[in-house]
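Got your viewer open and your selection tool ready? Here's a quick tour, stop by stop.

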Amino acid sequence: MEPKITLFAVLATLLVLTVNGQSGCNTHRFENNLAFTTCSPLQALGSFLHWTYNEANGTVSIAFRHPGTTTSSWIAWGLNPSGTQMVGTQALVAFTNSSGQFQAYTSSVNSYTTQLERGSLSFRVSRVSATLVNGEATIFATLELPANLITANQLWQVGPVTNGVPMIHSRSGDNMRSMGRIDFRTGQSTAGGGSGDRLTKRNTHGILNAVSWGVLMPLGAMMARYMKVFADPTWFYLHIAFQVSGYAIGVAGWATGIKLGNDSPGTSYSTHRNLGIALFTFATLQVFALLLRPKPDHKFRRYWNVYHHSVGYTTIILSIINIFKGLDILDPADKWRWAYIGILIFLGACVLILEPLTWFIVLRRKNRGGNTVAAPTSNKYSNGTTTSTGPHHQDA
């Protein structure tokens, strides 16, 4: 067993790195300890509205968040007292201007050809500001609402910016479903969640990737590292079965993600997308590496092992990180996040037990002068035959 980074170290580190970070309603933390009493996920376009209602003076402090915002796009949220259409909406708008500053302002939408020009609203607004951090845009404001707007229609949008001017948003998909009803006093809200088909695709995408990259891939690595001393050559077949099935399911999940991205031109989860592309690339390289694996006694086999293990562990690390990124985007109930954390803890506990146990078995066999398993001993899957006098574990 060569002294190299173990799955336990990987999993333990990831629990620290991925529980925090960009999140949805349930776990998001604003800077400067800013807090709101209520939050509503706006499923269409993947946005969030946080607010605190002060009944004493009829004001509402709000924070409208939209992950996946670029410097070439605008975001907006507003209230419409007369309907769910865009015209008549009293909006808060933010985008990156020609000077490179992410600015927020108010705009009263009075036509369908609007370019979201600055203007006063039908109610007073103060403390208007905006931030764009790591692709997540947030508009902050305090609204002094009349009684007829404590319960009102809410609308939100994203669209492109050209030469410093907001342009018309897409007229299909979630851009046509981003509307709902909100009651600031009771905290009740209804929000467009996209079509049932899109929501199903989002959930399918999440489940496929969580099962493949987040469970099957780590299990496959554990088969290679720990089962070798207990079940030779069965470990090899288990390793291949877990990795190939994980890759196949992962490709299906990756494809649904590409389709979801194409269906939402106004939203770009760049970190999640880039990690997904990297995962697909690394996993595909692993498949080709299996086909090009040298014989165990070949002079290049040691270098192939280093490559195989390095890419494999990197894939596992990135996959778990990206699953938490996906959970932040989907913003499911807390139980799903903790369920996956529980799976990681279980896998980590297994590694904690198996790591010293396999070291003990391998070292005892070596001290007794026996051979330790280095690779499967059948030509049909090892391209050669070998024995080893040292503990070369995980030579898959």
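We'll take in the whole chain and then visit a few spots.

This is a predicted model, where local features need pLDDT of at least 70, side-chain atom pairs count only at pLDDT 80 or more, and totals for chains, interfaces and linings use all residues. Residues are numbered from 1 along each chain as its sequence is written, and side-chain values use heavy atoms, with hydrogens and water left out.

**Whole chain.** Color by secondary structure and you'll see 7 helices and 12 strands (DSSP runs numbered from the N terminus: helices are H or I with at least four residues, strands are E with at least two). Of the 396 residues, 46% are buried (buried is under 20% relative accessible area, exposed over 50%, partly exposed in between, with a 1.4 Å probe and protein chains only).

**Salt bridges.** The whole structure has 4 of these (a side-chain nitrogen of Lys or Arg within 4 Å of a carboxyl oxygen of Asp or Glu). Select E136 and R65 to find one, at 2.8 Å from N to O. E136 sits in strand β8 and R65 in strand β3, so the pair ties together parts 71 residues apart in sequence. Both E136 and R65 are buried.

Next, pick E355 and R225, whose side chains meet at 2.9 Å, N to O. Here helix α6 supplies E355 and helix α2 supplies R225, so parts 130 residues apart in sequence are tied together. Are E355 and R225 buried or exposed? Both are buried.

Then select D328 and R337, another salt bridge, with the closest N and O atoms 2.7 Å apart. D328 counts as buried at 8% relative accessibility, and R337 counts as buried at 8% too.

**A surface patch.** Show the surface and select F230, L357 and F360: they form a nonpolar patch (residues with over 30% relative accessible area and no salt bridge, nonpolar side chains Val, Leu, Ile, Met, Phe, Trp and Tyr being joined within 5 Å). Together they have about 290 Å² of accessible area (Shrake-Rupley method with a 1.4 Å probe; for residues, only the protein chains shown count as cover). F360 belongs to helix α6, residues 334–367, and is partly exposed at 49%.

**Last stop: H169.** Look in the loop between β10 (165–166) and β11 (179–183). H169 counts as buried, with 12% relative accessibility. Leaving aside residues up to four places away in sequence, H169 touches W74, M86, Q157, V158, G159, P160, N175 and M176 (contact means heavy atoms within 4.5 Å).

Technical notes. Patch = residues over 30% accessible without salt bridge, like charges linked within 9 Å, V, L, I, M, F, W, Y side chains within 5 Å.
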